[in-house]
Amino acid sequence: RLVSHDAVLNAFRRVFPEDEVRKLAELKENITIFVDVGERGQILDIRFSINEGSIITPTSIELLEKELRESMRFEVIGKKLDYPVFYYSPFRVNFTEVEKGEIRTVRNSVNLKAPFF
């Protein structure tokens with residue numbers, strides 16, 4: 001599970017100024033973030049997907065990756081495995097959510113409970 005919703009929200013706010021967030025929200029832009037997480041919660045890889053024709057720049061994506069790597073933390077919940085494994089955590093972030101200050105998919109990850117074994 002993701003440890004902090006605000007870490008992701010603040011990463012977006014550091015990269016995208018308020019007026020740019022407003023414009024991206026009006027255009028219904030979103031970014032899907034795919035995170036590979038190791039067995040100890042470490043970030044192994046981050047990939048992004050944006051809409052075709054998006055006005056989001058490659059520079060913004062690079063800055064967002066840097067901010068997320070520095071601020072996102074994961075905690076592995078549930079049964080621990082005795083062999084190397086990685087977990088896959090996707091998040092779709094709509095700029096309307098960034099504007100409002102609440103990213104639903106990120107909040108759901110923070111609130112994730114351990115599966116029953």
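The legends below describe close-up views of a predicted model.

**View 1. The largest nonpolar core of the model.** This core comprises 29 residues. Those with the most contacts inside it are Phe12, Phe16, Ile31, Val35, Met72 and Phe95. At least two core residues come from each of helix 1 (5–15), helix 2 (18–26), strand 1 (30–38), strand 2 (43–50), helix 3 (58–71), strand 3 (86–94), helix 4 (95–100) and helix 5 (104–110). The most is given by helix 1, with five residues.

**View 2. Surroundings of Phe12.** Leaving aside residues up to four places away in sequence, Phe12 touches Ile31, Ile33, Leu64, Val93, Phe95 and Val98. Phe12 is also among the residues with the most contacts inside the largest nonpolar core, as are Ile31 and Phe95.

**View 3. The hairpin of strand 1 and strand 2.** Strand 1 and strand 2 pair in the antiparallel sense, and seven bridges join them. Four residues lie between the two strands. In the turn, Gly41 has a positive phi of about 90 degrees. Within the pairing, Phe34 stands opposite Arg47 of strand 2.

**View 4. Ser60 in helix 3.** Ser60 counts as buried because its relative accessibility is 9%, below the 20% limit for that class. Its side chain makes a polar contact with the side chain of Thr57, at 3.0 Å. Ser60 also touches Val15, Phe16 and Glu20, not counting residues up to four places away in sequence. Of these neighbours, Phe16 is one of the residues with the most contacts inside the largest nonpolar core.

Note on methods:
Residues are numbered from 1 along each chain as its sequence is written. This is a predicted model: local features need pLDDT of at least 70, side-chain atom pairs count only at pLDDT 80 or more; totals for chains, interfaces and linings use all residues. Side-chain values use heavy atoms; hydrogens and water are left out. A nonpolar core is a set of buried Ala, Val, Leu, Ile, Met, Phe, Trp, Tyr and Cys residues joined through side-chain atoms within 4.5 Å. Buried means under 20% relative accessible area, exposed over 50%, partly exposed in between (1.4 Å probe, protein chains only). Contact means heavy atoms within 4.5 Å. Two strands pair if DSSP finds at least two bridges between them. A polar contact is a pair of N or O atoms within 3.5 Å; within protein, one must be able to donate a hydrogen and the other to accept it, and residues adjacent in sequence count only if both atoms are side-chain atoms.
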